[in-house]
Amino acid sequence: MIDQYIGTRQVSELLRPLPGKLVVVLKGYPRLSETFIAQELHGLELAGMELEFVSLRHTTDVRRHPIHDEIVAPVNYLPEYLHQSPVRVVKSLLVVISKPGLFKTLKHFLSDLRRDFSRNRVRRFGQAAVLAAEWPADGQMLYAHFIHTPASVARYASDLLGVPWVASAHAKDIWTSPDWEITEKLASARWVVTCTSTGHHHLQSLAADPGRVHLSYHGLDLDRFPAFDRVPSVNDGSLAGSPVVILSVGRAVVKKGYDTLLHALALLPPQLHWRFVHIGAGTELDALRTLAEELNIYEKIEWLGAVDQTTVLSHYQAADLFALACRVADDGDRDGLPNVLVEASSQALPCISANVSAVPELINDGENGCLVPADNAQLLAKSLIAVISDPKMRHRLGVAAQQKVRSTLDYHQSIEQLVALFADQWDSDTR
């Protein structure tokens, strides 16, 4: 549980400029769905670290969060597809031929390619070559966000350059990567940090040296999500002119379980008045709209699409209840601890979610939220009915949720942990 986790080191004295530049490898930047990454990177800059971003692809988001405009690090976009930048790729390959780590890199790459014979694998090698050829003169260490493709690029570039690399692992990257690949990356990286106890235990089980795997919850920037004094409501859904507002924020993808949530909403009794607001884009959005029409609940739903963090905050404060029906997808993909549950809880908004992955590390059923089994629309509907019709319960759960987040999930603690890890690594490299 989050409230049982205590950081291993107090490092406020380390919040000062550190030597060298940290080169951060990202799958895409900036991304609306990855506010937790932007929050961390901004925190590292405020802690005095100089960053440069390397992105494997350009963003497709048309909006940005305000925090993205506060981050000053430059971004170098690698060729997303090698054939689109042949001159750049060939020039980079000619440069890395002379690198002392070339044979080590080829050995690792060919070993990986035998087990994963794919264009994606070749692309990561080519991107690593470009990264190595364009390496900043003051670059000192590589830091990959996600242990799947960004970490592959970081590992190959680390071999080529002879610089250390570290990584942050999250959710999909942990659970959809083959065990052999994670094991080898854990052996190659100086350390890996992950954001849930569930992921921490899994990664440690795959590591030859479990001490290289560190647990650090992302937490929340409580200045951006100030405490919200929610006025107790008397709305129990009995009045057609005053429906209870149910909010959900998340990408419309399989692991979010929105089809289950829509089926649960369709099971609510007709005398219970509600309105559902969804925020987020995603590949399943059209299918979900079609499903809502088939279930005859489309008129009760507002689809807002992707919006910035400021708008999301206003919807947390305006809603009565938050719902997210997480599941484990057939390919193993799943959430870690969805950041939206932390955000909603910070605004005293009671949450109903599924008892999967790391969600129980935040929500204790009946104490600061409600948990139901995944993919069970009937039990989810039963929980929705109970919370919608009992405003006193909503207020009690919301207050407890806010207290837990504000007492245990201040993101400054995770920034201090990361700065300490980076400082220790820099110190050991200069001894």
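Let's start with an open sheet of seven strands, ordered β3-β2-β1-β4-β5-β6-β7 and paired in parallel. Strands here are DSSP runs of E with at least two residues, helices are runs of H or I with at least four residues, and both are numbered from the N terminus; two strands pair if DSSP finds at least two bridges between them. At the edges stand β3 (75–77) and β7 (213–215), each with a single partner strand, so one side of each has no neighbour in the sheet. From one strand to the next, the twist averages 25°, with axes being lines fitted to C-alpha atoms (for helices, over the stretch in contact) and angles running from 0 to 180 degrees between N-to-C directions.

A word on the model: it is predicted, so local features need pLDDT of at least 70 and side-chain atom pairs count only at pLDDT 80 or more, while totals for chains, interfaces and linings use all residues. Residues are numbered from 1 along each chain as its sequence is written, and side-chain values use heavy atoms, leaving out hydrogens and water.

There's another open sheet, with six parallel-paired strands in the order β10-β9-β8-β11-β12-β13. Its edge strands, β10 (301–305) and β13 (370–372), each pair on one side only. Here the twist averages 20° from one strand to the next. Helix α14 (residues 377–388) lies across β8, β11, β12 (351–354) and β13, and runs at about 165° to β13.

| Strand | Partner | Bridges |
|---|---|---|
| β5 (residues 165–169) | β6 (residues 192–194) | three |
| β8 (residues 244–249) | β11 (residues 321–324) | two |

Ala 167 sits opposite Val 192 in β6, and Leu 247 faces Phe 322 in β11.

Leaving aside residues up to four places away in sequence, Glu 52 touches Lys 21, Leu 22, Val 23, Val 24, Ala 73, Pro 74 and Pro 136, contact being heavy atoms within 4.5 Å.

Val 90, in helix α3 (residues 86–96), is partly exposed, with a relative accessible area of 46%.

Definitions and conventions
Buried means under 20% relative accessible area, exposed over 50%, partly exposed in between (1.4 Å probe, protein chains only).
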